[in-house]
Amino acid sequence: MSQSEISSAQHARETWRVSRKRRSTLTAILSTVAFAVVAWLLLVNTPGWSRVQTSFFDWDTAVKAFPHVLDGLWLNLRVLVYATISVLIFALLLALATTLRNPVLTPIRLLAKGYIDLFRGTPLIITLYLVGFGIPGLRIEGLGRIAPEILGTIALTLTYSAYVAEVFRAGIESIHPSQRLAARSLGLSYSQSVRLVVLPQAIRKVVPPLMNDFVALQKDVGLISVLGAVDAVRGAQIEVSHFANFTPYVIAGLFFVLLAIPTVRLTDWLSARMAKREQMGTLL
Amino acid sequence: MTEIDWSKPRLLAKNIRKNFDDRQVLKGVDLEVYPGQIVALIGSSGSGKSTMLRCLNLVEELSDGQIWLDGDEISRPGIDEDEVRSNIGLVFQSYNLFAHLSILENVKLALKVVQKKSDDEATKIALGWLDRIGLADKAGQYPDKLSGGQQQRTAIVRAVALNPKLLLLDEVTSALDPELSGEVLELIRDLKNSGTTIVMATHELSFAREVADWVIFLDQGVIAEEGEAADFFAKPKNARTKEFLARVI
């Protein structure tokens, strides 16, 4: 049947659907606008609004601080790249270690489990202090002075690997044992069956949660400033003392938001696509 | 039709026992399979058919007993179990195709990583088998895009492509509706005619009667009765067998 010859029952149904959709869109727009207006009025009528406006949202300071903060952001980006690569590698090794079944390798499994418990429990800022001030404190010969951004990358890797290892482990365990059984029955060794059959499927499944952790890491690279690395946050801090104005912090904050938005949207898109694949045809 | 070679057994299993914790699933099963022979294992659910096949492929550890493949004991300590498994194909009720690989890659995987064949050679062998089951034009498809019958036929050729000495089929048609199981049974007939040695656990008694040379009735972990397929179905001797056949047919 072509589209032009739909029955009157279907025609009535479609008209009703379109009118209902139009009405809900209109309601959404109205309530958003009303909410924004109320929030704005509440804010500008606070007693200190004009002072906050000059000390946090000053255009001249923003323009002058911009280049320095942007320089700092470049350091954050480099730390992000190195930390991401090392987290993925280290976390995957940790996850594989926790799935070992061979009794001879029990110590390795327990060590990995203990590591994950320890670093998931420790606040990142404590790990940063311990690594950032502890490792140089050892005065290891021939190592010289280690740059704070390198120490920061190490601390971020230690903490995030513990989280990401759990994500990988969940992915590995979500692959049905029959897949490994089939691989072994064809003569693949244990490690071949993990590498060629289990991991490729597990990694695909955990991409959305991994992206979530990546978004968190994007913000947390700003914490390396506590070790003295001149990144976007520390750069902003220097400008804040220079101009006696908080606007550079807002600039740094906006940079991090801009960095996060593409990843967040990509994560949403990927999750939606996977959900769609897994529940094809269902309406709700 | 190829003849059975009675000179020496392809597979010999003696006193196979398997316990899961304190539950005895196999209580001493003997099995002899000759090259070109088709042996059917029948019995109700939980009788130990699947466990027996898994023990023969060494994916399940034996609790007792010994197994020989072409006179070579494969149950001896320290044997390269991966190599043994590549010589004994095992196909499951639930197909278990690798979900992240196309059906061509499914068939190629073990050819490449276990038998160390080149990519070209593996592709040639795999495509040959897919062509034989009429799926060559779907070689690039992923398993979830195929029907159950197509998936199960792919799973069978994935095992057969390695040219195993013995093929174990574990209720390969139980998850399929009659029309689709027909396609799979057709492939098994085809394999029988080209001389493949097969041990199959099955609920398809009429199919067992048609293609099997020897039928074994497993009951609560022991062989209750066995015999030539024609005799077995025509005049069962054991009371349990009669009861089972009466219930199923």
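Select B:Ala40 and B:Met200: in β8(B), B:Met200 is the bridge partner of B:Ala40. Helices (H or I, at least four residues) and strands (E, at least two) are DSSP runs, numbered from the N terminus. Two strands pair if DSSP finds at least two bridges between them.

This is a predicted model: local features need pLDDT of at least 70, side-chain atom pairs count only at pLDDT 80 or more, and totals for chains, interfaces and linings use all residues. Residues are numbered from 1 along each chain as its sequence is written, while chains are lettered from A and ligands numbered from 1 in the order in which they are written.

**Stop 1: β3 of chain B**

Select residues 38-42 of chain B, strand β3. Five of its five residues are buried (20 or more other C-beta atoms within 10 Å of a residue's own; exposed means 12 or fewer, partly exposed lies in between, and C-beta atoms are placed from the backbone). Which residues point which way? B:Ile38, B:Ala40 and B:Ile42 point one way, B:Val39 and B:Leu41 the other. In a regular strand the side chains alternate between the two faces of the sheet.

β3(B) runs parallel to β8 (198-201), with four bridges. Four bridges also join β3(B) to β9 (214-219), again in parallel. There, B:Leu41 has B:Ile216 as its bridge partner.

**Stop 2**

Pick B:Asp219: B:Val222 in β10(B) stands opposite.

**Stop 2: the core**

A nonpolar core is a set of buried Ala, Val, Leu, Ile, Met, Phe, Trp, Tyr and Cys residues joined through C-beta atoms within 7 Å. The largest has 108 residues; those touching the most other members include B:Val39, B:Ala40, B:Leu41 and B:Val215. Which helix of chain A gives the most to this core? Helix α6 (residues 148-174), with 11 residues. Another core, of nine residues, lies apart, with A:Val69 and A:Ile251 among them.

**Stop 3: α3 of chain B**

Select residues 103-113: nine of the 11 residues of this helix are buried. B:Asn106 and B:Lys108 are among them. The buried residues pack against α8 of chain A, and against α2 (81-87), α4 (119-132) and α5 (148-160) of chain B.

**Stop 4: across to chain A**

Show the interface. 16 residues of chain A are in contact with 19 of chain B (contact: C-beta atoms, placed from the backbone, within 7 Å). On the chain A side, α7 (177-185) and α8 (190-205) each supply at least two residues. That side has seven nonpolar, seven polar and two charged residues. Ala, Val, Leu, Ile, Met, Phe, Trp, Tyr, Cys and Pro count as nonpolar, Asp, Glu, Lys and Arg as charged, the others, Gly among them, as polar.

Finally, zoom out on chain A: 11 helices and zero strands. Its radius of gyration is 26 Å, well over the 19 Å of the globule rule for 284 residues, so the chain is more spread out than a compact globule. The radius is taken over C-alpha atoms, and the rule is 2.2 Å times the number of residues to the power 0.38. Along the principal axes, the C-alpha atoms fill a box of roughly 85 × 70 × 25 Å.

Key: Contact = placed C-beta atoms within 7 Å.
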